[in-house]
Amino acid sequence: MAKREFKCIVCEKPEDQCTCQKFCALCYSDYRVRLTEDGQFYCGDCREACDYRTQEQA
Ligand SMILES: [Zn+2]
Ligand SMILES: [Zn+2]
């Protein structure tokens, strides 16, 4: 399966170029927030709870 680049749903840029204010789409925490497959940012706890992956884990 080809690896595709995750892009921010708001600015359509990859995580390292995204300058949006980053907070978890579920709980609004900004702790360990990372971009996931669906183009939204989630905190560490929510990513673990929902099994969302970051770019490197995909
Ligand atoms: Zn962005
Ligand atoms: Zn969260």
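**Entry 1: zinc ion (ligand 2)**

I looked up the angles first: the four donor atoms around the zinc ion (ligand 2) subtend 105 to 117°, which makes the arrangement tetrahedral. I used the test that four donors are tetrahedral if all angles lie between 85 and 135 degrees. The ideal angle for four tetrahedral donors is 109.5 degrees. This is a predicted model, where local features need pLDDT of at least 70, side-chain atom pairs count only at pLDDT 80 or more, and totals for chains, interfaces and linings use all residues. Residues are numbered from 1 along each chain as its sequence is written, chains are lettered from A and ligands numbered from 1 in the order in which they are written, and side-chain values use heavy atoms, with hydrogens and water left out.

Which atoms are the protein donors of the zinc ion (ligand 2)? I found Cys24 (SG), Cys27 (SG), Cys43 (SG) and Cys46 (SG), lying 2.3 Å from the ion. Donors here are N, O and S atoms within 2.8 Å of the metal (3.2 Å for Na, K and Ca). Their spacing in sequence is C-x2-C-x15-C-x2-C. Cys27, in the segment before strand 1, and Cys46, in helix 1, are 19 residues apart, and the pair links distant parts of the chain. Helices (H or I, at least four residues) and strands (E, at least two) are DSSP runs. Cys27 is partly exposed at 40% relative accessible area, while Cys46 counts as buried at 13%. Buried means under 20%, exposed over 50%, partly exposed in between (1.4 Å probe, protein chains only).

**Entry 2: zinc ion (ligand 1)**

I turned to the zinc ion (ligand 1). Its protein donors are Cys8 (SG), Cys11 (SG), Cys18 (SG) and Cys20 (SG), lying 2.3 Å from it. The site is tetrahedral, with angles of 104 to 113° among the four donor atoms. The donors follow the spacing C-x2-C-x6-C-x1-C. Cys8 and Cys18 both lie in the segment before strand 1 (34–35), so the pair ties together parts that are 10 residues apart in sequence. Cys8 is buried at 3% relative accessible area, and Cys18 is buried at 6%.

Arg47 sits in helix 1 (residues 44–50). Arg47 is buried yet has no salt bridge, meaning a side-chain nitrogen of Lys or Arg within 4 Å of a carboxyl oxygen of Asp or Glu. The nearest side chain of opposite charge, Glu48, is 6.4 Å away.

How values were computed: Four donors count as tetrahedral if all angles lie between 85 and 135 degrees; four count as square planar and six as octahedral if opposite donors are over 155 degrees apart and all others between 65 and 115; anything else is irregular. Lys and Arg count as positive and Asp and Glu as negative; His and the chain ends are not counted.
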